[in-house]
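Welcome to this short tour. Open your viewer, get ready to select a few residues, and follow along stop by stop.

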Amino acid sequence: MAQKGDPYRVESVDRAMHLLELLAERGTLSVTDASAELDVAASTAHRLLTTMTHRGFVEQGEKRLYHPGPKLTGQRTDGNQLRRIVRTMRPHLESLAHRLDDTVHLVILTGPDVRFLDGIEGTQWLRVSLRIGSRTPAFATSGGKAILADLGDASLPALYPTGLPPWRNEKQATLDEFRRELTGVRQRGYAVNFGESDPDVVAVGVCIAREPSLALSVAVARDRFDENVEKTLARELLATAASIRSH
């Protein structure tokens with residue numbers, strides 16, 4: 001941060017700028033981390049992050065971690081546009097959920113993460129619960145992988161300048177390894193998440209739009225997943241994606 005002797009320094013602004021720098025470097029930040037880095041009370045760090053959230057520079061995701069917001073990531077999707085997206089895509093979710101009886105989600109890319117915009121819970125006895133409103137690293141979700149594959153490898157350094165960050169205390173693949181995975185996604189036309197966002201869940205996802213980047217995913221309990229289930233989910237998702245893009 002700027003030296004305290006700088007006569008032009010505005011302390012609160014300087015602290016906020018420092019938090020933005022940390023978010024750009026790390027991808028996520030907790031109140032505890034912010035408090036330690038700024039050498040301020042947790043309540044002060046929380047107020048700063050909350051103010052930045054209201055302004056769109058920061059968003060709060062899972063486990064109360066803060067992420068770069070739309071004004072930092074370039075995602076200009078406002079609340080009205082999000083509501084229009086949800087309203088437009090809802091019939092497709094309903095049709096997909098009716099055909100598969102499994103949990104369906106609509107996700108949007110927000111910086112290096114995806115946000116779960118909408119969903120319909122499956123009717124299977126052993127089913128996956130909804131995650132509407134939550135935020136998860138894109139590389140750990142089927143919908144996120146499908147979006148990243150659609151965007152191309154050139155997008156990865158901007159989203160993950162220091163490589164894939166740790167997630168759930170597990171070591172992540174290198175960017176080169178992840179690029180090879182995304183090549184497979186592009187060849188198949190869909191992505192699979194084998195317990196990466198939840199150890200008990202497997203999901204299949206397809207990208208359905210760019211600008212903003214959107215994907216549909218279907219999640220099933222890991223105990224129910226096999227090769228035949230994967231083929232069925234992929235077939236129905238790809239058919240839905242083709243229908244959306246034809247309109």
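A pocket, as the word is used here, is an open set of grid points with protein on both sides within 12 Å along at least five of seven lines. Its volume is the space filled by probe spheres set on the points. Keep in mind that you are looking at a predicted model.

**Stop 1: a pocket**

Select Val128, Arg131, Ser197, Asp198 and Val201, the residues that lie nearest the centre of the second largest pocket. How much space lies in this pocket? About 290 Å³. Now widen your selection: 22 residues line the pocket. Strand S3 (103-110), strand S4 (113-120), helix H6 (142-151), strand S7 (201-209) and strand S8 (214-221) each give two or more residues to the lining. Colour the lining by class and you will find 8 nonpolar, 9 polar and 5 charged residues.

**Stop 2: H6 and H8**

To see where they touch, show Lys145, Ala146, Leu148 and Ala149 on H6, then Phe178, Glu181, Leu182, Val185 and Arg186 on H8. This contact has 6 nonpolar and 3 charged residues, with no polar ones.

**Stop 3: H1 and H2**

Next, select helix H1 (residues 11-26) and helix H2 (residues 31-38). Their axes come within 11 Å and cross at roughly 125 degrees, which makes H1 oblique to H2. The crossing is right-handed. Which residues meet here? From H1 come Arg15, His18, Leu19, Leu22 and Arg26, and from H2 come Asp33, Ala34, Glu37 and Leu38. By class, the contact of H1 with H2 holds 4 nonpolar, 1 polar and 4 charged residues.

Methods: Residues are numbered from 1 along each chain as its sequence is written. This is a predicted model: local features need pLDDT of at least 70, side-chain atom pairs count only at pLDDT 80 or more; totals for chains, interfaces and linings use all residues. Side-chain values use heavy atoms; hydrogens and water are left out. Axes are lines fitted to C-alpha atoms, for helices over the stretch in contact, and angles run from 0 to 180 degrees between N-to-C directions. Helices (H or I, at least four residues) and strands (E, at least two) are DSSP runs, numbered from the N terminus. Angles under 35 degrees count as roughly parallel, over 145 as roughly antiparallel, 65 to 115 as roughly perpendicular and the rest as oblique. A crossing is left-handed if the near helix is turned anticlockwise from the far one by less than a right angle, and right-handed if clockwise. Contact means heavy atoms within 4.5 Å. Ala, Val, Leu, Ile, Met, Phe, Trp, Tyr, Cys and Pro count as nonpolar, Asp, Glu, Lys and Arg as charged, and the others, Gly among them, as polar. On a 1 Å grid over the protein atoms alone, a cavity is a set of points where a 1.4 Å probe fits but cannot get out, and a pocket is an open set with protein on both sides within 12 Å along at least five of seven lines; lining residues have an atom within 4 Å of a point.
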